[in-house]
Amino acid sequence: MGAPDRGEWSSQIGFILAAAGSAIGLGNIWRFPYIAGEQGGGAFVLVYLACVLLLGLPVMLAEISLGRATQRNPVGALEQIRPGTRWKLLGYLALLTGLGILSYYAVIAGKVVAYLVGYASGGGAEAAGVLFGGPWKVCVFLLVFIVLTVLVVVGGVKHGIERWAKILMPVLLLMMFALIVRGLFLPGASEGLAWFLTPDFSKISFEVVLSAMSQAFFSLSLGMGAMLTYGSYLSRHQNLLRCGAWVVVFDTGIAILAGLMIFPAVFALGHDPTSGPTLIFEVLPSVFLGLPGGVVVGFAFFFLLSVAALTSTVSLLEVVTAYFVDERSWSRTTTVIAVGAAAFLLGVPSALNEAGVEPWTTVTAFGTTGFLGIMDFLWGNLSLAVGSLLLCLFVIFVWKVERCADEIESTAPEFRRLRTPFILAVRFLCPIAIAVILASIVLH
Ligand code: PHE
């Protein structure tokens, strides 16, 4: 059993909102639209939905149930089930991945905060550009974001993470609805809508499937122990199926809404859907510009996006923290500060890349140029796929899929009907699909 003061969610909805808070973040609102844009719109969306349902949901349920069954962090959970073996390396990989993603994710989150401050000052995107210009400034915003994350995580599970998620996630949803309605009324919006929602099957290629799968794992926070750790704070009464399913529904819903929010405006305002990571930072300010009170809307939007990013960085930091608190008996405060400092230092090269400093902008590896992109490929794509694959293998060969299904069914009788498809997915579909895709990355 874990230490008595590990903390626990106060309610099922507390878990769902915190886990959805982890899942919903820049991945949905910044990364999903630009990748969908690069990969051809509707066709990508369709493949993405298939990946979420067939691979994401089973891995999500496996992760949460492993967490709840062991009530431990990723390393401790594996150790508890099979002590003294190399399986714990998978747990360490999860910790490293958490740190790796946190380091560059906080750079983009810092950019969101720069936009927030730009709008708060009344100067909008132009002011944000000035604020975020130059290496020092980008590093300062990175630091600001890490400090914010540290402050929330120090507060612990119930008071820190859960309280914030409960208040702010619903507000984000409302705001997005408002922006979608606004975007749909722009002349020419329907073209963007059609582009985003009509799949052109000829565009489905191996690369599209690969990006869709990586995006699904990233967006659902899978493969690095975040869901495992959050599941470990669930009590024995809560319904795992419902918890996992809601998180998947919310996360996917928000990604689709983000597409609906952005693409009609992209087409109506003459932007290029394939413009890559800068997409939302270019398109949304032009939408806000055309609105009465646009500065206030911009402020509200970037505020909520900062919060969405924060509930994600919190989960990244929480995974690493849970390990040091559970297994090494470090105090929560010391751990959080030490890990935050490490994430900052590791994030500096990504920040310098974002600020346009050589050689960080020109380093090339794995077919990706720029340090931030390389980190994203390494931790945000590759490592999550490896982590999810190994997690499936652990469940199949060590913990046993039947036992995992029992854990879910123990509090979710309705899971009985889904038991067989779940077992088939974890045993065959997920490992085979992920392995094929990984092999293709390696052989590329
Ligand atoms: N899912 C988060 C997002 O979409 C990012 C994340 C990945 C968070 C992995 C935790 C773990 O923004």
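Val-147 is part of helix α7, which spans residues 135-154; helices here are DSSP runs of H or I with at least four residues, numbered from the N terminus. The model is predicted: local features need pLDDT of at least 70 and side-chain atom pairs pLDDT 80 or more, while totals for chains, interfaces and linings use all residues. Residues are numbered from 1 along each chain as its sequence is written, and side-chain values use heavy atoms, without hydrogens and water.

Val-147 counts as partly exposed because its relative accessibility is 41%, between the limits for buried (under 20%) and exposed (over 50%), with a 1.4 Å probe and protein chains only. Together with Val-140, Leu-143, Val-144, Leu-148 and Leu-151, Val-147 forms a nonpolar surface patch with about 470 Å² of accessible area. Patch residues have over 30% relative accessible area and no salt bridge (a Lys or Arg side-chain nitrogen within 4 Å of an Asp or Glu carboxyl oxygen); nonpolar side chains are joined within 5 Å.

## The ligand site

The ligand is surrounded by 14 residues, and Ala-23, Gly-27, Tyr-105, Phe-218 and Ser-221 are the closest. A residue counts if one of its heavy atoms lies within 4 Å.

A polar side-chain atom of Tyr-105 is 2.5 Å from a ligand oxygen atom. A backbone N or O atom of Phe-218 lies 2.8 Å from a ligand nitrogen atom. The protein covers 100% of the 320 Å² of accessible area that the ligand has on its own, by the Shrake-Rupley method with a 1.4 Å probe.

## Helix α13

Helix α13, residues 279-289, is mostly covered, with eight of its 11 residues buried. Among them are Leu-279, Phe-281, Pro-285 and Phe-288.

Note on methods. Patch = residues over 30% accessible without salt bridge, like charges linked within 9 Å, V, L, I, M, F, W, Y side chains within 5 Å. Helix = DSSP H or I, 4+ residues; strand = E, 2+ residues; numbered from the N terminus. Polar contact = N/O pair within 3.5 Å; in protein donor to acceptor, adjacent residues only side chain to side chain.
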